[in-house]
Amino acid sequence: MQLTLWTYEGPPHVGAMRIATAMRDVHYVLHAPQGDTYADLLFTMIERRDRRPPVTYTTFQARDLGGDTAELFKTAARQAYERFAPKAMLVGSSCTAELIQDDPGGLAQALQLPVPVVPLELPAYQRKENWGAAETFYQVVRAIAGTTRVERAPLAGRRPLCNLLGPTALGFRHRDDVIEITRLLQQLGVDVSVTAPLNASPDDIARLPQADFNVVLYPETAGQAAQWLQRIHGQPFTKTIPIGVGATREFIAEVAGLAGVDAAGVLAENASRAPWYSKSVDSTYLTDKRVFVFGDASHAVAAARVAARELGFKVVGLGTYSREFAREVREAAKLYGVEPLISDDYLEVEARIAEAQPELVLGTQMERHIAKRLRLPCAVISAPVHVQDFPARYAPQMGFEGANVLFDTWVHPLMMGLEEHLLTMFREDFEFHEGAAASHLSHAGGATHAVHAAGPAAPQTVAAQDAQVHAEPAPQAPHMPHMPQMPLTADSIAIAPGALQVTPKATSAPAESAQAAGPAAWSADAQKELQKIPFFVRGKARRNTERFAAERGVSTITVETLYDAKAHFGR
């Protein structure tokens, strides 16, 4: 255990709360001190639920520790049943109450309540939230579904039945993923029997064994229960997570194999616009953009695949805070030739992101803050998330529509960054400076124009300040009627061969030793000049400049060094 300002996962009892809150007709009695009631805010403030979680806290105080805290729990459990009349109850301890060792499971059994009581033993100091959610769902399924195997009718002559397993309260886009995958399964001719734990009652849990197979949407919460259902009730389950076009098509084929249906019609529709958008002229400048991916294991592995195979990005970092799924992330990292990061220390994650120098970060709410500090664009792909990632609109991550959402969510930060850079580039222009009136007000615009025409010339751009750089007109490309004419960007100026003829200036004074240890330091003026380069090529410009300085033994990078490196790599 460590003291920290941020944690990717809460204690395991928060995971149990996610299961209880997701379900209907279930109540959770939590043996906890007064301060542990903070968890309610995760659901009412962050997820914006219209009701409190179905949780009763014993809320013992310091003065109660000298008395009978066990009796406090029994009273709270009895009153919770009488007030809420649930069809099943969960009982357990928070991380603080675990130290008292009151045994909530045994105390609840002694009450002999007329409903199933599921005792939860969640080791708060060894495990965390996702494990707590998976263990709770597993115990609920095991206690209510029973061990009597159901005889299912042959698939011939009837529609196959499946269960959707894994969506919970406080899950990242779980609500919309369920809608999207249910729709996709219906197109395949497969009916959904039960979705659990989200919106499932204990009666629904008892019906889980009647399905022909299970669809596991989130292995972090449903993997353990799915394995038990396969072992006890003979239900196979899917292994493919349908995030991205390629994975969705593989998921369809996998479901078709389990259900014995023909998927050719659904696969032929190709319902996502993302593949064409990613190949279109508007997206070609995204190719080989460096991306760092971090999140829960399922979303991180899926996001890396989409980034590399479907959008043409280059994965320069891949990691997860889910230690239980470290093996899967390590295997995925081998595909991209990167060192996997398995850590729940946000400071270590920040250091690895800074070291990798990505041009886009895909991560959690924490990576959004990290990217903001590093002045990098970011898109959230995984829990933990904040309120803005529980949108009122329909925004799944899975299926063909989910692929469209991914494209928009990941690509737009890069495109809006380009727009922002263009505004910055022309901020001193007579028509766009801060004092200029709106362009549609002709009289105001004319007056402003006149003032600037008579006044001193606007400051020169960075390129114009370098008197040694003379741009020759580039050969005119043939006009393509079906392609928009794209403006020449700083990226193309920096790397287009033959686009610039540069008269070399005197390079910065070399250091005494060409083998100086460590990278060259940046002067304040060079750092300021670097920030003027568009963010989507800034990382490349920095790496090239540092490489240029290292090869020439330059110990301090100045503005002059920056432009010498630009001229060198632009040849």
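User: What is the strand order of the open sheet of three strands, and is its pairing parallel or antiparallel?

Analyst: In this predicted model, the three strands of the open sheet are ordered S6-S5-S7, and their pairing is parallel.

User: What makes S6 and S7 the edge strands?

Analyst: Strand S6 (191-196) and S7 each pair on one side only. That is what makes them the edge strands. From one strand to the next, the twist averages 30°.

User: How do you know that S5 and S7 pair?

Analyst: Pairing requires at least two bridges between two strands. S5 and S7 are joined by four bridges, so they count as paired. The two strands run parallel, and Leu-164 is found opposite Val-215 in S7.

User: Which helix packs on this sheet, and which strands does the helix touch?

Analyst: Helix H6 (residues 174-188) packs on the sheet and touches S5, S6 and S7. The direction of H6 makes about 165° with that of S5.

User: Which residues of helix H8 are buried, and what covers them?

Analyst: The buried residues of H8 (residues 219-233) include Glu-220, Ala-225, Trp-228, Leu-229 and His-233. Among the elements covering the buried residues of H8 are helix H1 (12-22), helix H5 (129-145), strand S5 (161-165), strand S7 (213-216) and helix H12 (297-310). After H8 comes Gly-234, with a positive phi near 65°.

User: What is the volume of the second largest pocket, and which residues are closest to its centre?

Analyst: The volume is about 1400 Å³. Among the 50 lining residues, Thr-7, Tyr-8, Glu-9, Gly-10 and Glu-129 are the closest to the centre of the pocket. H1, helix H2 (40-46), H5, H8 and H12 each give two or more residues to the lining, and H2 gives the most, with four residues.

User: How many residues of each class are in the lining of the second largest pocket?

Analyst: The lining has 23 nonpolar, 15 polar and twelve charged residues.

Terms used
Residues are numbered from 1 along each chain as its sequence is written. This is a predicted model: local features need pLDDT of at least 70, side-chain atom pairs count only at pLDDT 80 or more; totals for chains, interfaces and linings use all residues. Side-chain values use heavy atoms; hydrogens and water are left out. Buried means under 20% relative accessible area, exposed over 50%, partly exposed in between (1.4 Å probe, protein chains only). Contact means heavy atoms within 4.5 Å. On a 1 Å grid over the protein atoms alone, a cavity is a set of points where a 1.4 Å probe fits but cannot get out, and a pocket is an open set with protein on both sides within 12 Å along at least five of seven lines; lining residues have an atom within 4 Å of a point. Grid points are joined across faces, edges and corners, and a volume is the space filled by probe spheres set on the points. Ala, Val, Leu, Ile, Met, Phe, Trp, Tyr, Cys and Pro count as nonpolar, Asp, Glu, Lys and Arg as charged, and the others, Gly among them, as polar. Axes are lines fitted to C-alpha atoms, for helices over the stretch in contact, and angles run from 0 to 180 degrees between N-to-C directions.
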